[in-house]
Amino acid sequence: AYYGATAPADKSNVVRKAYYGAAATVARFAPDARVLHMIESAIDMYKKDGDHPLCGATLLRELSRHASDALAKNLTVVLPLAFVAKHNEDKEIAAAMKEVWVDNTSSESSSLQLYAPEIVTCICDGLQSSVWGKKKESAKAISSLAKVLRSDLAKYAGILTDKLRGDLDGRIWEGKDKLLHALGDVGQECGAALVAQDSDIVVRMTQAALQAMDRKQLEFQLAAVGCLRKIFASVELSAEGGDDVAIPSQLVSEMAYLGVPKLISLYHCTTATVEVNADDDEAEVKRRQGRREALAAALVDCMKAALGMRCQLTDDQYEEIGRLVVHALHPSRGWALRLSGVHLAATFVLVPSQGAASGSSHDVLLAVDLCCDEGRYSQLREAAIDCYDKILRAIAAHKVTVHKTALTKIQSRLTSMADSDKNTSVRAAALRAQEHNCNDVMEE
């Protein structure tokens, strides 16, 4: 009781560390029940406010350093909390708990597999906390867990995503976007498995991200769009994995009738001209403009992923997306937005034409051609060449057709860039793309 009551009351970290170091040394000779009581006291301290979390983390670290054998008998209790707490926003707490985790595990992957049920329970407790910091900590832990376990996390995806979705409503507090990042990471790593096992989870995740896009806070919108893109990309991969895996019909419906229109609408709102007052801080104005352009680029990336799912869209929707691509590729846009626009352009042109969509493809290809004249950013020129390369390969495989004038312009542009571009890698990319000569499959 002395180490638990006295040390937190002392304001000196050095003194507290000495208390806990001494307690850990004694623990080496203490009965198992007493050691467990000490560990439970540390965990209880971590869950409190103020300096108590640091005290709890410090005690666990000292036990790990000085009484590792005693601690080893209680790893099922200690390690789940250590994994979650090493994502704490307080660097000192995070470092202490990371040390506990690393020193008592053999490998990240095998340990997460072993303690996954307890870790998930600990994460859910954190998400139910009224303290925002605990929610952020748990959300970041979910992201880490998803990136390591990947599809093996699918068995826990239902409960984790339900907890995350439940916290998305209400006021937007600082760091709430981490919940959307976590939701997206689960979708990215488990989406393919979930489509085959329980597609309703994917549909609910998509609906949550679409609803979050309606919020007015820019960072929150950016996180929502990123979340949606990760889910779509994963679902697209699951569909490419085999004919036996079908994209959920409800998800296709959500995208065609709600998702795509919302992406288009938010893009136009984001890229609309914003009035600047004379007394506005110039640096702040530039920062806001930069974030708005980042959101626009994210929306374009998300649209690319949506088209990759091969949703059955109307001709009007395809035309609207075509105009969006042309808008994003205009030379007045920032290079990051134009780069995303080029990537979307390739996907857009390769979508099977539906009526007026072929005319939109012609306009999009003309807009891509303007990127080849971009002298400052070789990355943009390379992206345009990659777009041409994908189109030429598709034409050669008889998967898509383009107007003869557009094809002639592509080949002429590639020849010019292969001969005269100042960047060596750009010239090499143009030469490789020229290998896919498609004169025999032109469409008048």
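**Cavities, a pocket and a helix pair**

The largest cavity has a volume of about 50 Å³. This is a predicted model, in which local features need pLDDT of at least 70, side-chain atom pairs count only at pLDDT 80 or more, and totals for chains, interfaces and linings use all residues. Residues are numbered from 1 along each chain as its sequence is written, and side-chain values use heavy atoms, without hydrogens or water.

A cavity is a set of points on a 1 Å grid over the protein atoms alone where a 1.4 Å probe fits but cannot get out; a pocket is an open set with protein on both sides within 12 Å along at least five of seven lines, and lining residues have an atom within 4 Å of a point. Three cavities of 30 Å³ or more are present. L365, L366, D369, Y388, A406, K409 and I410 line the largest cavity, to which α18 (357–371) and α20 (404–420) each supply at least two residues. By class, this lining comprises five nonpolar, no polar and two charged residues.

The second largest pocket holds about 310 Å³ of space. Its lining has 17 residues, of which I43, K47, L81, C122 and D125 are the closest to its centre. Two or more residues come from each of α3 (32–46), α6 (75–85), α8 (108–127) and α9 (132–149).

Elsewhere, helix α16 (residues 315–328) packs against helix α17 (residues 335–350) at an angle of about 145°, with the axes 8 Å apart. In contact (heavy atoms within 4.5 Å) are Y318, I321, G322, L324, V325 and A328 of α16 with L337, R338, G341, L344, A345 and F348 of α17.

Methods: Axes fitted to C-alpha atoms, helices over the stretch in contact; angles between N-to-C directions. Helix = DSSP H or I, 4+ residues; strand = E, 2+ residues; numbered from the N terminus. Points joined across faces, edges and corners; volume = space filled by probe spheres on them. Nonpolar A, V, L, I, M, F, W, Y, C, P; charged D, E, K, R; others polar.
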